[in-house]
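Here is a friendly tour of a protein structure, taken one piece at a time. Keep the picture open beside you as you read.

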Amino acid sequence: MSKVNLNEIDNKYYDVLREIGNIGAGNATTALAQLLNMKLDMRVPKVELLEFNKLAETICGEEDIVVGIYLFLEGDINGSMMFMLEEQSSHILVNHLMGRDTTNMEPFNEMDFSALQEIGNIITGAYLSSLSGLTGLYINASVPYLTVDMAGAILSVPAIEFGKLGDRALLIETEFGDDIAINGYFILIPDMPSYDVILKSLGI
Amino acid sequence: MAEMIKVGMADLKVCPYPNAVTTLGLGSCVGIALYDPVTKVAGLAHIMLPDSTQIRNNENKAKFADTGILELVEQMVKAGANKSRLVAKIAGGAQMFAFQNANNSDMVRVGDRNVESTKRVLKTMNIRILSEDTGLNYGRTVEFYSETGDFVIKSVGKPIKTI
């Protein structure tokens, strides 16, 4: 029987999850800044436990186009993780990486998708390695799966995973920025036993 | 003036004539529109998971195909629909990511399983499915109009479809 119930999560667990989010997103920002060779600051991430019906509308509109990058986690922690980028932010990042005019908003082509996948790889990899370093746990990630569609539709995938456990999902919102704001969202979806593993590894 | 009623994820609403009802950005979830063509009472459920009996935490009826459809029918009957006249139109159940991981086959097929379960539940309740737009790999916004019985489906980069 798991100790953690997402519907009745207490402040202590919440603080820990927030801290994990903070450090992970910080590392991810550094990795992204190096990849793009640009200066990126990160605002303090917002961590929220949200009801499903508020998930998409908290992030943006349900019908807004976003890029979703999904991967499975294995090892001491099992589950999955998703990173979501707003369409405009994705264009800015891809343009930077491909050395194009940053205002270019043409639909993504095959090369752009590869670039986005690589960006996703690096961001989620940095996030997971900081989680792994913090907890001393071994975490192996699958290849990232990428899709571009309406936010509501993409969010249904992690929401369904959370739906098996309760009625809320844990969202970590990160705003990167310098002159331009880039909005990204992490959704970490450990399976139920993994919550205990994470918290135990941190001595809680 | 007819109103557009909004249904969220794991949610359901009755839609009295002449209103319309919508749910935005269906992914692997399934949108189930039920309709009594005589009284024009409509309803829409946005279910996330196939079966409430497989999940311990199942208080939210609208989250599951089995309990969600049952609850929607009950609420529609209270609003003046005749159960024996109800017909259904369904959409959603997409596979949003091209997962190929055999270890997660449960997750790979969640859209399909939602559709299968929806059909099974409707069949046991003798509710005929008039039309469907399910599966594939893209999100859908759906609107059901109680005035006409039209189920309008919008997807990114695709023409609007009425089923």
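## A strand with several partners

In this predicted model, strand β3 of chain A pairs with strand β5 (residues 139-141) of chain A over three bridges, in the antiparallel sense. Within that pairing, A:Leu73 has A:Ala141 of β5(A) as its bridge partner. Strands of a sheet pair through backbone hydrogen bonds, and they can do this in a parallel or an antiparallel way.

β3(A) also runs antiparallel to strand β6 (residues 145-150) of chain A, and six bridges join them. Here you can find A:Val67 opposite A:Val148 of β6(A). Another antiparallel neighbour is strand β4 (residues 79-86) of chain A, joined to β3(A) by eight bridges. In this pair, A:Tyr70 stands opposite A:Met82 of β4(A). β3(A) and β4(A) form a hairpin, with three residues between them. How much of β3(A) is buried? Of its eleven residues (65-75), eight are buried, so the strand is largely enclosed by the rest of the structure.

Now look at helix α3 (residues 87-98) and helix α4 (residues 110-135) of chain A, which pack at an angle of about 100° with their axes 10 Å apart. That angle makes α3(A) roughly perpendicular to α4(A). From α3(A), the contact uses A:Ser90, A:Leu93, A:Val94, A:Leu97 and A:Met98. From α4(A), it uses A:Asp112, A:Ala115, A:Leu116 and A:Ile119. Sorted by type, the residues of this contact are seven nonpolar, one polar and one charged.

## The open sheet of chain B

Let us move to the other chain. Chain B has an open sheet of five strands in the order β2-β5-β4-β6-β7, with mixed pairing. Which strands stand at the edges? They are β2 (11-15) and β7 (128-134) of chain B, and each has a single partner strand, so one side of each is left without a neighbour in the sheet. On average, neighbouring strands of this sheet are turned by 15° against each other, ignoring direction.

Helix α1 (residues 65-78) of chain B lies across β2, β4 (30-35) and β5 of chain B, and runs at about 160° to β5(B). Helix α3 (residues 110-124) of chain B lies across β4, β5, β6 (87-92) and β7 of chain B, and runs at about 20° to β4(B).

## The nonpolar core

The largest nonpolar core has 109 residues, and those that touch the most other members are A:Ile187, B:Ile32, B:Leu34 and B:Ile47. Helix α5 (residues 151-163) of chain A gives this core its largest share, eight residues.

What does B:Ile47 touch? Leaving out residues up to four places away in sequence, its contacts include B:Val30, B:Ile32, B:Ala62, B:Phe64 and B:Ala65, and also B:Asn114 and B:Thr118.

## Where the chains meet

Finally, see how the two chains touch. Chain B brings 28 residues to the contact and chain A brings 27 residues. On the side of chain B, strand β3 (residues 20-26) of chain B supplies the largest share, three residues. The residues on that side of chain B are 16 nonpolar, ten polar and two charged.

How values were computed: Residues are numbered from 1 along each chain as its sequence is written. Chains are lettered from A and ligands numbered from 1 in the order in which they are written. This is a predicted model: local features need pLDDT of at least 70, side-chain atom pairs count only at pLDDT 80 or more; totals for chains, interfaces and linings use all residues. Two residues are in contact if their C-beta atoms, placed from the backbone, lie within 7 Å. Helices (H or I, at least four residues) and strands (E, at least two) are DSSP runs, numbered from the N terminus. Ala, Val, Leu, Ile, Met, Phe, Trp, Tyr, Cys and Pro count as nonpolar, Asp, Glu, Lys and Arg as charged, and the others, Gly among them, as polar. A nonpolar core is a set of buried Ala, Val, Leu, Ile, Met, Phe, Trp, Tyr and Cys residues joined through C-beta atoms within 7 Å. A residue is buried if 20 or more other C-beta atoms lie within 10 Å of its own, exposed if 12 or fewer, and partly exposed in between; C-beta atoms are placed from the backbone. Two strands pair if DSSP finds at least two bridges between them. Axes are lines fitted to C-alpha atoms, for helices over the stretch in contact, and angles run from 0 to 180 degrees between N-to-C directions. Angles under 35 degrees count as roughly parallel, over 145 as roughly antiparallel, 65 to 115 as roughly perpendicular and the rest as oblique.
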